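Visitor: I am new to this structure. Please pick one part and take me through it closely.

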Amino acid sequence: MLAGCGDSLYAYASLTPGTSAPRRRTAIATEPGGHAAAITFESVVKTWPGATRPAVDHVSLTVEPGRFVVLLGPSGCGKTTLLKLVNRLYEPDGGQILIDGQTTTALPAPELRRRIGYVIQQAGLFPHYTVEANVAVVPGLLGWDKSRIRARVDDLLELVGLPPAEYRQRYPSQLSGGEQQRVGIARALAAEPPTLLMDEPFGALDAITRTRLQDELRRIHNRFGQTILFVTHDIEEAVRLADKIVVMRTGEVVQYDSPLAIVMEPADAFVADLVGADDVLRRLSLIETGSVAGPFRPGDPISPEVPAISRRSMLREALELLLERGAPQLVVIDEDANPVGTLRLSDVQTASAPLRHGDEATGADVAPVPVRPAPAR
Ligand SMILES: Nc1ncnc2c1ncn2[C@@H]1O[C@H](COP(=O)(O)OP(=O)(O)O)[C@@H](O)[C@H]1O
Ligand SMILES: [Mg+2]
């Protein structure tokens, strides 16, 4: 435990306003700004034998290097199938997938998979391997020497919040669900892959553990900047994690947009329904304060009288704070407590304005969607 505590104390002590996030002391081989892959889907089709329609139906989209992209949609819409086409656990019937411009079929599938981290629900750990042996699988396949593997395993266990001295020799059955997922993430990161695929990795966890792991995954992504494709059916998880969200329905992509655009301007009634966008309070609980805050200007007040809110907090919390404190505005702060914006009641009101389901933008070929009148204020 001491190692972990020491690190977080160190991190805390080095937090000073105006500096970026503190660096950890442990030397992790993957450095920030390391290589991140671009993934391009070109008209990808997968039809299962006997199925009446494709599970993945002409999907075309590009995931830019270093982006955290979430595939969102109801059960059975083809998210897992699409993900497994990337690391060739499945092969497409049509179209192709390019990683950094090179088709995935250019390499033998096992070699491709060694370059792509993969995390699934229940972690998929080998039950008869220790934590250390589980994390060391891919470096072992890559022929790293023992001391390099051991150092890497320790660094990764630290990174995911499992003190190595305590956890290295345990077996998966001796870990909680959350700890197993942490080991799963460490294992996926072991060989510094430029791409990480994650299929509902937190689906089986309780709400608190889930939120904590979501925050830690964001932190890891902020630090290393891999390209991440993450599957979920949970809109809250999607908006918390994503730079961009791909909404899927019956094998097709219905909208590929920022979380804010998905919530504020759903492309059609299906997306609006998925988001619960007609419910103002629900919508406010899906929009990050930082995404609608105005800029922070020199001279804007900072004082104990002006309440502060994290830019990652949702607007619903900001509204509660504004009302509770009777304050005209909030200071929006980043993870290091630096002021980065201001939020007024009018900003919240703008975000709660009635929906335009995006149908005006796309024209008459989209069926009109009834728009509910805004509740009287
Ligand atoms: N191995 C498989 N064999 C046959 N059909 C499958 C297989 N895997 C998935 N499917 C079908 O493909 C569709 C999409 O499934 P899946 O990609 O698992 O959806 P999701 O991950 O969004 O819940 C479903 O209709 C499912 O029944
Ligand atoms: Mg699935």
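Guide: Start with what covers the buried residues of helix α9. The cover includes strand β3 (68–72), strand β8 (227–232) and helix α10 (235–241). This is a predicted model. Helix α9 itself runs over residues 207–224. It has 18 residues, and at 1.5 Å a residue they should span 26 Å. The end C-alpha atoms are 26 Å apart, so expectation and model agree.

Now look at its sides. R210, L217, H221 and F224 are buried in α9. Seen down the helix axis, the buried residues fall within an arc of 80°, so they line one face. I208 and N222 lie on the other side of α9, and they are exposed. Just after the helix comes G225, with a positive phi of about 65°.

Go next to the cover. F68 sits in strand β3. Leaving aside neighbours within four places in sequence, F68 is in contact with H221, I228, F230, L241, A242 and D243. F68 and T227 are 159 residues apart along the chain, yet 6.0 Å separates their C-alpha atoms.

L71 has its own set of partners. Beyond four places in sequence, its contacts are K79, L82, L83, L229, V231, V246 and M248. The largest nonpolar core has 90 residues, and among those touching the most other members are V70, L71, L229 and V246. Domain 1 (39–257) and domain 2 (284–351) both give residues to this core, so it lies between them.

Note on methods
Residues are numbered from 1 along each chain as its sequence is written. Chains are lettered from A and ligands numbered from 1 in the order in which they are written. This is a predicted model: local features need pLDDT of at least 70, side-chain atom pairs count only at pLDDT 80 or more; totals for chains, interfaces and linings use all residues. Helices (H or I, at least four residues) and strands (E, at least two) are DSSP runs, numbered from the N terminus. The expected span of a helix is 1.5 Å times one less than its number of residues. A residue is buried if 20 or more other C-beta atoms lie within 10 Å of its own, exposed if 12 or fewer, and partly exposed in between; C-beta atoms are placed from the backbone. The arc is that of the directions from the helix axis to the C-beta atoms. Two residues are in contact if their C-beta atoms, placed from the backbone, lie within 7 Å. A nonpolar core is a set of buried Ala, Val, Leu, Ile, Met, Phe, Trp, Tyr and Cys residues joined through C-beta atoms within 7 Å. Domain bounds come from an automatic or database domain assignment.
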